[in-house]
Amino acid sequence: MEKTKLQFIDLAAQQRRIRKKVEEGIKAVLDHGQYIMGPEVALLEKRLAEYVGVKHALACSSGTDALLLALMAKGVGPGDAILTTSFTFVATAEVICLLGATPVFVDIDPDTFNISPQKLENEIRDLKATGKKSHLGSDAAAGPLTAKGIIAVDLFGLPCDYKALTDIAARHGLFLIEDGAQAFGGMYFGRKACGLAAIGCTSFFPAKPLGGYGDGGMCFAEDDELFELMKSLRVHGQGADRYDNVRIGINGRLDSIQAAVLLAKFDLLEDEINLRQAAAQRYNHLLKPVENLTLPHAPPGYVSAWAQYSVLAKDEDQRAASMGKLKKAEIPTAIYYPKPLHLQKAFKNLGYQRGDFPVSEDFAQRIFSLPMHPYLDFADQKKIAHVLAEN
Ligand SMILES: *Cc1c(COP(=O)(O)O)cnc(C)c1O
């Protein structure tokens, strides 16, 4: 049999393991006909809350909506500053702007790609002292900004330093939200990702560690009141019943078919997380001798969900050369993220400039990701290492 082409993320290999269960799950939905928020959704919430180890889980329509619901539950609005990393997917900061609040970016820790607690502390002090970021342009929110909360992003599946972040949030009276869209299945000192802050948010976009066959997301919270608020916000600010509207909310519901797919995939998750650890270890071993390539690692006490295996080339030219060699060998690669958020046109009105976040800017020019999924085999990884080692 001809070997199939190496995939960046091999969803087909996964599907072969669960196809029957998925079909049965979808058929059950077709039979009972509760297409939105049906029994599969409630079951998924129950299973995932247990897995993460928090009291409540709230399924919703995407990872973006999970973040939006979390911020809405925290009452975020105009004049509020939400601190977050400049090196993440756009959704993290987009939801802040959608609510009229202002993202205040923070540079990353070069060792983990995650928000730097030290730099976060400095930004908060700066913000409190001036009431406004000094370089915020005239288009930025009029009047002084109030530091309200932090969104930490577990980039590429590696949890942030939550001991440090929780401490900073508490000392400054800020809430802490975990954007665990890439980290479901990861761990931090014995605790599961998405359960590491007041509200944890994740995404079920197909390419994430727990991905469906469409869009979906989930919020996790220990607090009863926050959970009830998010539950109401998920369905148009619903009160006692569907036609009682007590606040402005969104349509953030999850489809039953998506939940059925996710239930089938969830049964594989622990095994897949282990397979990802093994794949990452093999990469680390095989790529160690490759010159001028910085490899990712999980510090002691951390387990990454390895949503991505991202490496750093020496410079932009070397990255282009490495990616070119891999492409020639039919090995797919990707760049997450080629442009940090503070330099994106969408956030231009915030007034940031090149040079504001040197680590994010430097990494954006050097980073690239290699194929990573639970079904990656040793031979393919050897080939990747061989190609990268060529001069
Ligand atoms: C994917 C992702 C999101 C958004 O999730 P969607 O389900 O695509 O809306 C948010 N934050 C991060 C860090 C992500 O990777």
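An oxygen atom of the ligand lies 2.8 Å from an N or O atom in the side chain of Gln 182. That is a polar contact, a pair of N or O atoms within 3.5 Å; within protein, one must be able to donate a hydrogen and the other to accept it, and residues adjacent in sequence count only if both atoms are side-chain atoms. The protein covers 92% of the 380 Å² of accessible area that the ligand has on its own (Shrake-Rupley method, 1.4 Å probe).

This is a predicted model: local features need pLDDT of at least 70, side-chain atom pairs count only at pLDDT 80 or more, and totals for chains, interfaces and linings use all residues. Residues are numbered from 1 along each chain as its sequence is written, and side-chain values use heavy atoms, without hydrogens and water.

A ligand nitrogen is 2.8 Å from a side-chain N or O atom of Asp 179. A ligand oxygen is 2.8 Å from a polar backbone atom of Gly 63.

Next, the shell around the ligand. Its residues divide into five nonpolar, eight polar and two charged (Asp, Glu, Lys and Arg count as charged; Ala, Val, Leu, Ile, Met, Phe, Trp, Tyr, Cys and Pro as nonpolar; the others, Gly among them, as polar). Helix α3 gives the most, with three residues (helices are DSSP runs of H or I, at least four residues; strands are E, at least two).

Ser 62 lies in the loop between β1 (56-60) and α3. Ser 62 is buried, at 14% relative accessible area (buried means under 20%, exposed over 50%, partly exposed in between; 1.4 Å probe, protein chains only). Its side chain reaches the backbone nitrogen of Asp 65 at 3.0 Å. A polar atom of that side chain also lies 3.3 Å from the backbone nitrogen of Thr 64.
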